[in-house]
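Subject: Structure handover

Hello,

Here is the structure I promised to pass on. Please open it first, then read my notes below.

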Amino acid sequence: MPKTPTLAQLDRRRFLKGVAIGGAAVGLAGTADAQTSPNPTAAEPQKAASPTATQLAAETGHPAELPPLTTKKTGSDFMVDVVKTLGINYMAACPGSTFRALQESFINYGGNTKPEWLTCLHEEASVGMAHGYAKVAGKPMAAMVHGTVGLQHASMAIYNAWCDRVPIVVFTASAGPVEERRPGVEWMHTVQDGAALTRDFTKWDDYPWSLQSFAESTVRAYALATTAPMAPVVLVADGKLQEEPLHPEEEAKLKIPKLAANMQPAGDPNAVREAAKLLVAAENPMIIADRYARTEKGMGLLVKLAELLQAPVVDVRSRMNFPTNHPLNNSERKGALVSQADVILALEAVDLYGQLNRMRDQLERVTFPTAKPNAKVISITAHDLLVRANYQDFQRYQPADLPITGDAEATMPELLEAVQKELSDARKTALAARGQKLADATKGLLDRARGEAAYGWDASPISSARMYMELWNQIKSEDWALVSATNFSSDWPFRLWAMDKPYRYIGGAGGAGVGYQQVASTGAALAHRDIGGRLVVSVTGDGELNMSPGVLWTAAHHKIPLLTIVQNNRAYHQEWMHLQRMANRHNRALDTAWIGTTIDNPNIDYAKIAQGYGMFAIGPVSDPKELGPALQKAIAVVKGGEPALIDVVMQPR
Amino acid sequence: MRLFTLILAASCLVGSAAFAQDAAPAGSIETGKKLFTADGCYQCHGYAGQGAPGYGPRIAPKLMPYQAFLAQLRHPRADMPPYEAAIVTDQQVADIYAYLKTQKEDDPKLVPSFY
């Protein structure tokens, strides 16, 4: 017969069993107190002795002779304590039994606040919402996904966030040891290595095996996720750790590390000074800004640099990098600028090769450089600090003459200072003349864009230019934010709207994974709701919306004010164009590319779908003259704090 | 934009009087309208040929000369898919051309001001 172990020798699970077995034995022997109490040795301090079975019975009304069925606190409560130290405002989740203890703890123990639980109807929506949220809020929110099956659902959204280098804290879960798993489904949802599925496209993951480990790993994960290059992280909350009772004496030993704000990695100062010299001396410098502006300060810093250098900026639009109405914004003249540039500064270029080369998409794929052979390329990016082998989102290798490894926005203050030091008065005068020429060129661009937008103005299906300008008419006097990508509608807002503030735009999916738009827009609108005072608009493709329509209900349920315009071209149009190209290339039937690519016959009524989810909706709108009044009605709803949707039958692009 | 520039360049090369717009063969507007959709032209250029920047340039109502138009279809510059005679006959090209000629020019003043 083994000796009764001391409390210190017991792990928590064995301790519980000891209580249960002791309780049963007591029933038989009739000496409850003597045998159900832990028996600490004299050397063990008794700061917070666990209640005896008798005491528990007195508190709960549960018969002392039977094993306890309830407890006051569990490991999941402590996990909530940990998450609450991080300042995370929301936890988006589609329910799943592997995290049942955590969900209950967040709601009841945690008071359902900071984080507040958001109900999603698909895990891709949970993570996608967090993706959009982070780009507006400037900090992560969390998503909780069911073990195995939930993470599988979420994986596409995690991949998008990875490619877009956006921080998200993803929690998943797994059942405990074999002898404690419920037979059947719990095994299907249990995995040895819970985060292996997404390891190729997350920054870090862990499966903590103790509560102390959970605390340290969660704080570490948050810190890693929010340090450039940012990316999603995944934590697996073990089912046993979640559901086991947590006794005061154990809890007293647990420590939650303090989260410190990380400094973002800036480029090497010597290299930055070299870059400044090249830029100031250049006759035709240009700046390419891609996933550059991480915070609201980013745009202002870039404006200062462009004005100091009187250099044109091409915004590749992965973020809101540069005001569209600034005279140095030459995004529409990229081809000419690249071909003439003697110095090119690339800021967080996602695809530097693609910026400096071109591939012809014909039977023979031919590539050719677009920049001058002697052009000096300066690249500032944190990209090389986080590259993985399997997925090829790192793009084709493009050497730079001066590669500076560091976050471009964090490097910008140093670069500004270095440029200022390099600029003589004579040089400033010369640069001013260059700036005037660039300003003249942009005036012409705006007039040309207005002319282009006028063609097909009254056409039905409605032209994308008409839709965007009708929308602009309604929002231009508001403090607005466009939270959807514009590349599938010819980037009209960047040509015709005054996109003048850092929060006007947040870029696209990153990984081009369909299904991002509506869910990310909803998350972005949530962040804007917390900031307040902004009218948030999303233009979502019909193919996009069909991937995750359930998020419309989430927006309605949680009262997230967002105006959604369905860019309804009744097709996966990009794929239709690809299929058409293949038919052309093979000299085969041209009128069959719709097979497998169109979404019509029957046409989907998106307004009815939205209404079914409890959202105000109008549509389908095919007559451009009806668009203005429809927008007015929907905007009134959104201003009242509710989401609204308009289904607009539009031309393809 | 790049494609637009190339097409303009091509049109300049063959832009003599011999290839003026009027030299286009007769075509059926109705057939051309159907073909413009069925053959997928609208996918990049819009139903009115108004163009979609980044995808396909504006091709109407100011048309390039017919021979340049035909040459661009048969052996396109840049990324446009080829429309060889095996899938679009010369007559069908003329029909599409006739349809595009009917498009109207809208007034840029319709477009709300940027500022």
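Start with the sheet in the order E8-E7-E9-E12-E13 of chain A. Five strands form this open sheet, and their pairing is parallel. Its edge strands are E8 (313-315) and E13 (402-405) of chain A, each of which pairs on one side only. From one strand to the next, the twist averages 15°. Please keep in mind that this is a predicted model.

Strand E12 (residues 376-381) of chain A pairs with E13(A) over four bridges, in the parallel sense.

A:Ala143 has A:Val170 in E4(A) as its bridge partner.

Helix H6 (123-137) and helix H9 (211-225) of chain A each supply at least two residues of the lining of the second largest pocket. The largest share comes from H6(A), with four residues. The volume of this pocket is about 840 Å³. Its lining has 41 residues; A:Ala134, A:Gly138, A:Met230, A:Arg294 and A:Thr295 lie nearest the centre. What is the make-up of the lining in nonpolar, polar and charged residues? There are 23 nonpolar, eight polar and 10 charged.

Strand E10 (residues 357-360) and strand E11 (residues 366-369) of chain A run antiparallel, joined by four bridges. Five residues lie between E10(A) and E11(A) in this hairpin. A:Asn357 stands opposite A:Pro369 in E11(A).

Next, the contact between the chains. The size of an interface is often given as the accessible area lost when the parts come together. Between chain A and chain B, the buried area is about 4,000 Å². Carbon and sulfur atoms give 56% of that area. In chain A, the residues that lose the most area to chain B are A:Arg358, A:Arg450 and A:Tyr455. Together they make up 19% of what that side buries. How many residues does each chain bring to the contact? Chain A brings 45 residues and chain B brings 43 residues.

Last, some backbone details to check on screen:

- A:Asn601 to A:Pro602 is a cis peptide bond, with omega near 5°. A:Pro602 sits in the loop between helix H23 (573-585) and helix H24 (606-612) of chain A.
- A:Gly619 and A:Pro620 are joined by a cis peptide bond, with omega about 0°. A:Pro620 is in strand E17 (residues 616-621) of chain A.
- A:Asn112 is not a glycine, yet has a positive phi of about 50°. A:Asn112 is in the loop between helix H5 (100-109) and E2 of chain A.

Best wishes

Notes. Residues numbered from 1 in each chain as written. Chains lettered and ligands numbered in written order. Predicted model: local features only at pLDDT ≥ 70, side-chain atom pairs only at ≥ 80, totals over all residues. Heavy atoms only, no water. Pairing = 2+ DSSP bridges. 1 Å grid on protein atoms, 1.4 Å probe; cavity = no way out; pocket = protein on both sides within 12 Å on 5 of 7 lines; lining within 4 Å. Points joined across faces, edges and corners; volume = space filled by probe spheres on them. Nonpolar A, V, L, I, M, F, W, Y, C, P; charged D, E, K, R; others polar. Contact = heavy atoms within 4.5 Å. Buried area = accessible area lost by both parts, 1.4 Å probe. Axes fitted to C-alpha atoms, helices over the stretch in contact; angles between N-to-C directions.
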